[in-house]
Amino acid sequence: MTNQVARGKSTMDYEKLVQSEDFKGLVKRKKTFATPFVIFFFAAYFILPLLTGYTKILEKPAIGAMTWTWVYAFSMFIMVWVFTSVYMNKAKHFDVEVDKIIEKNVLK
Amino acid sequence: MSWISYVIFFAVIALTLYITYWAAKQTTTASDFYTAGGSLTGWQNGMAIAGDYLSAASFLGIAGAISLNGFDGFYYSIGWLTAYLVVLFLIAEPLRNLGKFTMADMIGARFGAKKVRGAAALNTITIVMFYMLAQLVGAGALIKLLFGIEYWMAVLIVGTMMLIYVLFGGMTATSWVQIVKAILLMLGTIIISFLVLMKFNFNFIGMFETMKTATPHGEAFLHSGVVYTDTIGLISVLIALVLGTAGLPHILMRFFTVKDAKTARSSVIYSVWIIGIFYVLTIFLGFGAAKFVGSDAIIAENAAGNMAAPMLAGVLGGDALESFVAAVAFATILAVVAGLVLSGASAIAHDIYGQIFKNGNVTEKQQVAAARWASIAIGVASILLALGSEKLNVAFLVSLAFCVAASANVPTILLTIYWKKFNTTGAVASMLTGLIVALVLVAISPSVMNPVEGATLITGNPIFPYANPAIVSVPAGFLAAFIGTLVSSKRHEKDEVSYAEVRFKAETGYKELDL
């Protein structure tokens, strides 16, 4: 037995598979779901240094001596935890869709 | 050091050696060696990712950075955690769906050309060497400090230990050492954080009040800008932190140690929680060290602040806690370097020897033998480099590794999955451009060139202003991918797999039974 990574000639018609309504729908739903989150976390991440670098609005105390810089930073942590949970839940739905696509289009 | 220090230290080492002994009996195939036979569960792999990721740079480095620079040190915690959203949303599942052992496998699932695999392997080896060097230099300093032995001897001890784990236990032993280490690290960090909070009468907000006057920075300690006075330079660092993780070969490799993409995904969730909690606690480590050890004492021990966490443990919990923390730091370094050796060895043995020179025609026995020899080569080379690098700045090496990963690997990984037109020329151009631009810019940056004699490798004014060049090198990697692809747009090579196939497999995890 060899360990070559599979890249032999395929017997599957992938062009047809990716053109199927089911697959296109899956990709579209995944994209519609993920894009806003990706844009949001990148934006949130880079707005922090812009605000601390070019303005002083985060330097004011928020809770006691804790400034808004820290509140912003902590909310980044909460964002990461919330987004991972959201992703996890959503991914379960996509798994069901994927199983259906494979069953219907590949294993018939 | 007291007797209790030795007891704790050797208990940790004995435990990891026992794991290796147990794992060695289960490591027979190449898949066992590289990926623990894909047998880890979600939480196990999640712990192992955390164990792999929370390197000496995180544990010792961030604690020190916060203690000396306040909020600016905390940027590392934010960046390295947010990086996991990039991994989770964009990379983890497609990577796992397309790959087998290495990152190059995943890119090779679309581009058959040997030069693509070669470029990916070259990037892997470069990143691994920088990262290894950072860990080994850090380990040398730590052991030298603890046992009072010479630096070269400390490096040899750590190097030998890491080779024992890898050679005998492969990925199974390495994973379990990482899991055990993650648990010990969290335990140690939670204990110290609790003790710090107790010293502040469990008043979290009051702790911030105290910090206003606890350091030479005064109130600035609580604001951004102590170190990063230049916002563009800061953004450049943040780009490297947030994208670099998605291109780190030893982290990506961990997605192949589970049975499917579903498990890969769940392991990211576990690791995000563990790593997130750890990074929150870095505030207590940093603030506690600044307040109860004091910046003068921290700097006196190590200018970069690397000994802040163990020193804080000593102040709060005496010899026993300090040696526990030191033992954990030691286990941390061992676990991380073992993971690094494996990813470097896989690039040499699996990608270069197995796929490029032998076209995949190697037996299981040859694969494992090649992987072991490659481990020895990587291990010995890094030990030799580390012996001559005592004076190098550890944080600089780690950020360089992240920068190369972000610039050289991430554009190709993302475009392989998401861009239909991407081709072999684009992939090779992107990987090499990202690598070269990152290395050249670092070589002419303040990290290497400094007007103060002896501060860095070269005395003189830096040509490139930012210590971390990601703000230029990451766009360069993407740009090269686009230009490379467009100038050869009609010339898809015949061994490229259709984008339709790559896309379908990446999204569904479907695999034909032709393995």
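In what order do the elements of chain A run from the N terminus on? They run α-α-β-β-α, which makes three helices and two strands in chain A. Helices (H or I, at least four residues) and strands (E, at least two) are DSSP runs, numbered from the N terminus.

## Basis of the model

This is a predicted model, in which local features need pLDDT of at least 70 and side-chain atom pairs count only at pLDDT 80 or more, while totals for chains, interfaces and linings use all residues. Residues are numbered from 1 along each chain as its sequence is written, chains are lettered from A and ligands numbered from 1 in the order in which they are written, and side-chain values use heavy atoms, with hydrogens and water left out.

## Chain A

Chain A has 108 residues, and 44% of them count as buried. Buried means under 20% relative accessible area, exposed over 50%, and partly exposed in between (1.4 Å probe, protein chains only).

A:E97 and A:R29 form a salt bridge, with their closest N and O atoms 2.8 Å apart. A salt bridge is a side-chain nitrogen of Lys or Arg within 4 Å of a carboxyl oxygen of Asp or Glu. A:E97 lies in helix α3 (residues 68-106) of chain A and A:R29 in helix α2 (residues 21-54), so the pair ties together parts that are 68 residues apart in sequence. A:R29 is partly exposed, at 44% relative accessible area.

## Where the chains meet

The contact (heavy atoms within 4.5 Å) involves 59 residues from chain A and 76 residues from chain B. Together the two chains bury about 5,800 Å², 72% of it on carbon and sulfur atoms. Buried area is the accessible area (1.4 Å probe) that two parts lose on being put together, summed over both. On the side of chain B, B:L85, B:F89 and B:F504 lose the most area to chain A, together 13% of what that side buries.

## A network across the interface

Two salt bridges cross the interface of chain B and chain A. In one of them, the side chains of A:K30 and B:E507 meet at 2.8 Å, N to O. B:E507 also forms a salt bridge with B:R503, at 2.9 Å between the closest N and O atoms. B:E507 and B:R503 both lie in helix α19 of chain B, four residues apart, about one turn of the helix.

Are these two residues of chain B buried or exposed? B:E507 counts as buried at 11% relative accessibility, and B:R503 counts as buried at 14%. Shared partners join A:K30, B:R503 and B:E507 into one network of salt bridges.
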